[in-house]
Protein chains: 2
Amino acid sequence: MQTLITTPRDDGFYMPAEWAPHAQTWMVWPERTDNWRLGAQPAQAAFTEVARAIAQFEPVTMLVSVRQIKNAIAHLQASPTPHSIRVVEIATDDAWCRDTGPTFVVNKQGDVRGCDWTFNAWGGLDGGLYSSWAHDDAVAEKILQLERLPRYRTPDFILEGGAIHVDGEGTLLVTEQCLLNKNRNPNMNRHAIEEKLRAYLNVEKIIWLPRGIVNDETDEHVDNVACFAAPGVVLLAWTEDRNDPQFAYSQAALNVLMRERDAKGRELKVIKLPLPANMFGRAEEYATIDSVSDNEGMTREANTRLAGSYINFYICNGGLIVPKFDDPNDNVAAALLADAFPNHRVVQVPGREILLGGGNIHCITQQQPVSA
Amino acid sequence: MQTLITTPRDDGFYMPAEWAPHAQTWMVWPERTDNWRLGAQPAQAAFTEVARAIAQFEPVTMLVSVRQIKNAIAHLQASPTPHSIRVVEIATDDAWCRDTGPTFVVNKQGDVRGCDWTFNAWGGLDGGLYSSWAHDDAVAEKILQLERLPRYRTPDFILEGGAIHVDGEGTLLVTEQCLLNKNRNPNMNRHAIEEKLRAYLNVEKIIWLPRGIVNDETDEHVDNVACFAAPGVVLLAWTEDRNDPQFAYSQAALNVLMRERDAKGRELKVIKLPLPANMFGRAEEYATIDSVSDNEGMTREANTRLAGSYINFYICNGGLIVPKFDDPNDNVAAALLADAFPNHRVVQVPGREILLGGGNIHCITQQQPVSA
């Protein structure tokens with residue numbers, strides 16, 4: 001629980017790959033009725049399905065507000081799971097543990113610590129999605145307190161866990177659209193941001209993709225467009241439709257990935273993961289979201305394109321939790337992921353309800369590596 | 001986190017003695033300004049001293065409301081302790097973890113579970129100390145969720161952890177004044193209450209002391225008047241002043257203890273622990289407690305006698321945390337306790353501030369036994 005004034009790099013800690021063994025997965029229960037329709041009940045059912053899928057593979061902690069403890073227990077613990085799902089009280093502003101939880105780092109001895117990035121709800125008062133975000137900015141510290149783990153805090157650097165993907169061997173993937181956005185760290189240039197990332201994630205090579213997925217409310221987090229399947233292997237969200245604005249985004253990412261080398265000097269193999277067909281929020285879906293007059297970020301317009309992507313899956317101990325959208329590509333993506341992760345079992349979970357709230361399975365999970 | 005419909009006795013679980021090895025100690029941060037004077041700040045300092053004393057011997061978890069997280073961290077983690085003190089968010093009604101936390105039970109294999117007694121703030125609307133007590137009644141379940149431990153709930157039985165003391169070998173100490181009080185389980189007679197205690201604590205012999213300590217707001221919990229120092233050895237709060245109403249209470253307890261045998265058929269050795277000189281709340285102390293118009297239970301009258309007692313100490317791994325009151329008997333009690341616990345180191349901590357709120361060190365702590 002000590003807050004350290006050094007950096008992970010100073011201390012020999014680094015961010016491991018998501019496929020490194022987990023102690024548990026952290027999630028946050030969806031509750032806010034101005035983001036989740038019908039009093040958040042469909043979202044709660046969707047999050048429950050994700051949590052129970054993960055609990056086939058590893059323990060889960062669900063962080064829940066005091067008002068929803070009993071309801072969350074009733075859903076999550078309705079019947080036993082192979083690994084337990086505990087319900088822990090915490091005040092939050094919304095339910096995106098990827099972005100509000102700590103980014104865990106480890107050393108060679110198997111000690112675990114956490115990076116507690118300053119969080120501003122994906123843009124603060126300049127395009128951020130809600131205000132206040134004070135509870136969400138405190139989530140990472142509370143998780144580290146719960147686990148009695150030391151904390152690195154970056155009071156002068158805003159970042160979210162969904163904005164970074166590592167191979168665990170010194171290489172980091174990010175998007176320019178997010179990390180260079182003036183609504184995050186307006187006084188830092190690319191070089192200064194790289195230096196922070198090197199110091200806290202202990203990476204050597206940073207690969208900048210220009211863009212993410214069209215209409216992604218996070219300013220195009222990398223975790224919706226590309227991730228590592230293994231060192232030297234990148235999965236990339238892909239469309240063959242040249243009339244889709246996503247085509248240029250994905251093509252630009254591919255161009256970068258084809259010309260870059262990773263931290264170990266390897267060329268990158270790119271696996272194109274097809275996107276689902278374009279999806280749009282429906283008026284009847286948005287009609288049951290509580291109105292907000294003071295926060296345009298949360299306002300949902302009917303027929304706005306949703307940023308659905310299979311890349312937004314989660315790797316847990318022996319499993320991949322993959323969104324499905326009632327789309328022909330559901331099974332294409334699942335098959336490609338099964339090939340890319342031969343030691344993991346693919347579990348498909350409905351993703352539309354989470355997508356309506358602004359993200360998907362990777363966005364609502366955060367892995368904690370095992371301690372020695 | 002499973003809520004079991006069996007009883008600990010059914011499953012081979014029993015409550016171990018307080019001196020059995022602990023995994024950690026649970027406490028709750030004092031906050032309510034209608035019970036704790038000066039915005040609860042002196043109480044917070046006192047609880048901090050207790051927590052930091054325990055953390056010389058074992059880990060501590062302090063449960064804190066969302067409003068006080070940062071403040072509690074600043075106090076409790078101001079400098080490192082040999083064992084960590086973590087701060088965990090929970091909504092509570094007040095700060096008595098002995099009575100709101102679970103009573104942990106173990107089996108011979110070293111599995112740990114918890115009893116979650118129904119809690120009614122020491123008497124509900126009939127002499128209870130505050131309303132509502134809904135948050136406090138939920139504390140035990142939240143602790144068990146945090147530890148991923150199974151839960152026994154007694155929806156039809158009200159009890160507090162301070163009302164029971166066991167020797168870990170089948171013997172239980174209670175007071176009639178508390179357990180037979182009509183403000184707890186008015187529809188249960190002594191026999192029915194004994195049956196609940198036997199089923200959930202898995203004890204064979206229940207020793208009923210008539211009374212506890214004069215003016216004890218809990219309806220005279222046993223943990224302020226008597227406890228075990230070892231199987232067959234009972235510590236009893238004592239006064240030689242025949243004009244003190246406590247004399248009759250302590251003498252009656254002694255009479256019971258002298259004639260009873262424990263579950264193993266042993267006679268009981270009684271060690272008389274002298275009480276501090278009578279203490280009274282001062283007008284200037286009570287002047288800085290927020291007024292409550294709707295809850296007489298919390299109203300403090302100046303010059304009311306305080307229920308101070310050295311029996312209200314806490315046994316942790318290798319240590320005894322003992323209240324001191326700037327009284328000549330502070331050192332007499334400490335010496336007697338050191339003799340009674342030759343393998344424990346006595347640490348004296350100021351107790352008056354906690355006493356002003358209605359209890360002492362034992363009342364604000366709850367031990368969790370080690371798991372195998």
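## Chain A at a glance

Of the 372 residues in chain A, 53% count as buried, meaning that 20 or more other C-beta atoms, placed from the backbone, lie within 10 Å of the residue's own. Keep in mind that this is a predicted model, where local features need pLDDT of at least 70, side-chain atom pairs count only at pLDDT 80 or more, and totals for chains, interfaces and linings use all residues. Residues are numbered from 1 along each chain as its sequence is written, while chains are lettered from A and ligands numbered from 1 in the order in which they are written.

## How confident is the predictor?

Chain A has a mean pLDDT (the predictor's confidence in each residue, from 0 to 100) of 96, and 98% of its residues reach 70 or more. For the complex, the predictor gives an ipTM of 0.93 and a pTM of 0.96.

## Fold and shape

You'll find 12 helices and 19 strands in chain A, taken as DSSP runs (helices H or I, at least four residues; strands E, at least two) and numbered from the N terminus. Along the principal axes, the C-alpha atoms of chain A fill a box of roughly 50 × 50 × 45 Å.

As for contacts in chain A with a separation of 6 or more, 76% come from residues 24 or more positions apart; a contact here is two C-beta atoms, placed from the backbone, within 7 Å.

## Where chain A meets chain B

Here, 18 residues of chain A are in contact with 18 residues of chain B. On the chain A side, strand 4 (85–89) and helix 6 (139–146) are the elements giving two or more residues. Strand 4 of chain A has the largest share, with 4 residues.

Technical notes. Buried ≥ 20, exposed ≤ 12 C-beta atoms within 10 Å, placed from the backbone.
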